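Reader: I have the sequence and the model open side by side. Could you walk me through what the atoms say?

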Amino acid sequence: MNEEVTRPEWIGIDSCSPLEGQPQADPRKVLTMSRDPLLLGQRGQVRSFVRDLYQRLPLPVRRRLKVFRHTHETPLHTMLPLPLPETIHIDPSNLCNFRCVFCPTADKELLASVHRPQGMMDFDLFTKIIDELKSMTDRQGRRLSLLHLYKDGEPLIHRRFPEMAAYAKRADVAELVSTTSNGALLTEELSIKLIESGLDQIRFSIIHVNADGYRRLTRTFSDYERVRANIAFLHGEKKRRKSRLHVLVKTNDSGLSEEEKGRFVKDFTPLADMLTIDTLMGWSLSEVKDFTLGVAVATGMDSVSPLRERRVCPEPFARLAVNFDGQVSVCCVDWSYGTIVGDLRTETLAEVWNGEKLREFRLTHLEGRREAIPACAHCQYIMGAPLRRDLDKHASRLASIYRGA
């Protein structure tokens, strides 16, 4: 058994961010490159090769590289304005089979109070979005860093999810196409379809490490061993097929004991390419409910970046999140649909990204008026953003740029 299986990489990772350790291109340099399709394809092959090589390196080497990257990666403020997002989330379904106590989607009364719609994305709407994204990436001569097919719900509820993943991969619009799942709905047949779709990464969220913990936290499910068996089959099958699908298994520290954390490591080390223990996150509208369950949270979801007061959120400048019905939020933690800046049922993706609503949203943050947006006013997520994404010291300069956009 090789080291990558017996000792998966161990890091914290922001669930809204690209895979840690993956080289991120500076858009200013990318835009000077040739837009010839053949060369673009060759660059994609090189990036895939580098990513695969990184994942095969010994764990101590990967850790040193990760520290170097965090120290020397390009600050976001030097890259703005971006011609297209770094990351886009698309929500196949905002329905979920769990009712986790730390997740807004589980609180039906809370959702009703903000009149959040429920449903699954129409497949034709999904293909429209991907086709428009393809036009943008071809025009700019670069791809997204990450296309994450997940936001508020359980993606595998959508029966056409493998088709969605395959369609996105064929379009070649992102360096990494990924999703997040709780693993309970995974079957052998579905596992094979996911592998064959070409999906680059799947993140499994493990709620607890025993049946009682699952029952208490999800309020709908208690079969911990079934989740383990589902992931074991997928991981084994992808290895047998020599698939490049990257299996990340994570859990949230919802007050886990050291013994429970140890069991998580022991149980999933053979079944994953990467393990993480994430910090609970307060979401947007953090004041309406304690989504951190009283746990003393000191870092962002990457478990590294310390929480600090910020005036400017980096999300509207680098990311978008498309809800199941085509409405566009500025970030993945907008569970209340309180940051809507467009509707892809009637607008194109380029129109939203370059549109007046998003420009005004950005200026609201840059001009120190974030409290005017209820969803953003007390958002805990902004406090844990990595240092490279800090825009506060550059707000005045950036505001001048976006006023003239």
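Author: Gladly, and let us begin with a definition: a disulfide is a pair of cysteine sulfur atoms within 2.5 Å. Please keep in mind that this is a predicted model.

Reader: How many disulfides does a search of the whole structure find?

Author: The cut-off to apply is 2.5 Å between cysteine sulfur atoms. With that cut-off, the count for the whole structure is zero. For Cys103, the nearest cysteine sulfur belongs to Cys100 and is 6.4 Å away. For Cys379, the nearest one belongs to Cys331, at 6.2 Å, and the number of disulfides found is zero.

Reader: Is Cys379 buried or exposed?

Author: Buried means under 20% relative accessible area. Cys379 has a relative accessible area of 11%, so this residue is buried.

Reader: Which way do the side chains of strand S2 point, and are they buried or exposed?

Author: In a regular strand the side chains alternate between the two faces of the sheet. In S2 (residues 87-90), Thr87 and His89 point one way, while Ile88 and Ile90 point the other way. As for burial, all of these residues are buried.

Reader: Which residue in S8 stands opposite Ile88?

Author: S2 pairs with strand S3 (residues 146-148) in the parallel sense over three bridges, and there the bridge partner of Thr87 is Leu146. S2 also pairs with strand S8 (residues 319-322), again in the parallel sense, over four bridges. In S8, the residue opposite Ile88 is Leu320.

Reader: Why do the buried residues of helix H11 lie on the same side?

Author: The buried residues of H11 (residues 258-268) are Lys261, Phe264, Asp267 and Phe268. They lie on the same side of H11 because they cover an arc of only 130° around the axis. The face turned away from that buried side carries the exposed residues Glu258, Glu259 and Lys266.

Reader: How many residues apart in sequence are the parts that Arg389 and Glu86 tie together?

Author: The structure holds 30 salt bridges, and in one of them the closest N and O atoms of Arg389 and Glu86 are 3.4 Å apart. Arg389 is buried, and so is Glu86; both belong to a network of salt bridges that also links Glu315, Arg319 and Arg388. Arg389 lies in the loop between helix H15 and helix H16, and Glu86 in the loop between helix H4 and S2, so the pair ties together parts whose separation in sequence is 303 residues.

Reader: Which helix holds both Lys193 and Glu189?

Author: Lys193 forms a salt bridge with Glu189, with 3.6 Å between the closest N and O atoms. Lys193 is partly exposed at 41% relative accessible area, whereas Glu189 is exposed at 53%. The two residues are four apart, about one turn of the helix, and that helix is H8.

Reader: And which residue forms a salt bridge with Glu225?

Author: Glu225 lies in helix H10 and its partner in helix H11, 38 residues apart. The closest N and O atoms are 3.4 Å apart, and the partner is Arg263.

Methods:
Residues are numbered from 1 along each chain as its sequence is written. This is a predicted model: local features need pLDDT of at least 70, side-chain atom pairs count only at pLDDT 80 or more; totals for chains, interfaces and linings use all residues. Side-chain values use heavy atoms; hydrogens and water are left out. Buried means under 20% relative accessible area, exposed over 50%, partly exposed in between (1.4 Å probe, protein chains only). Two strands pair if DSSP finds at least two bridges between them. The arc is that of the directions from the helix axis to the C-beta atoms. A salt bridge is a side-chain nitrogen of Lys or Arg within 4 Å of a carboxyl oxygen of Asp or Glu.
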